[in-house]
Amino acid sequence: MNDRITDLEIHVTHLSRTVQELNDVVYRQQQTIDRLEAELKGLREQALAVAPSLVRKPEDEEPPPHY
């Protein structure tokens with residue numbers, strides 16, 4: 001009976017360590033996601049400042065060369 005309890009305690013210890021390692025990975029990934037979202041927001045703002053719209057107004061469009 002003591003061996004079973006000891007084995008279970010060892011198993012729980014390994015599981016606890018694995019959960020902590022996974023938690024650390026998820027935390028670092030969330031930090032990376034937050035940083036990338038902030039960079040994307042900055043790039044989006046820069047792009048809108050340079051060219052507010054990627055679509056030209058119809059009157060600004062040049063006709064195709066075959067016309």
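This short report walks through the fold, the surface and the salt bridge of a predicted model.

## Overall fold

## Surface

With 67 residues in the protein chain, the share that counts as buried comes out at 0%. The chain's accessible surface is about 6800 Å². Carbon and sulfur atoms account for 59% of that area.

## The salt bridge

Search the whole structure and you get 1 salt bridge. It pairs the side chains of R35 and E39, with an N to O distance of 3.0 Å.

How exposed are the two partners? R35 has a relative accessibility of 43%, so it counts as partly exposed. E39 has a relative accessible area of 41%, and it is partly exposed too. Both values fall between the 20% cut-off for buried and the 50% cut-off for exposed.

Technical notes: Residues numbered from 1 in each chain as written. Predicted model: local features only at pLDDT ≥ 70, side-chain atom pairs only at ≥ 80, totals over all residues. Heavy atoms only, no water. Salt bridge = Lys/Arg side-chain N within 4 Å of Asp/Glu carboxyl O. Buried < 20%, exposed > 50% of the residue type's maximum accessible area, 1.4 Å probe, protein only. Areas by Shrake-Rupley, 256 points an atom, 1.4 Å probe, with all protein chains shown as cover.
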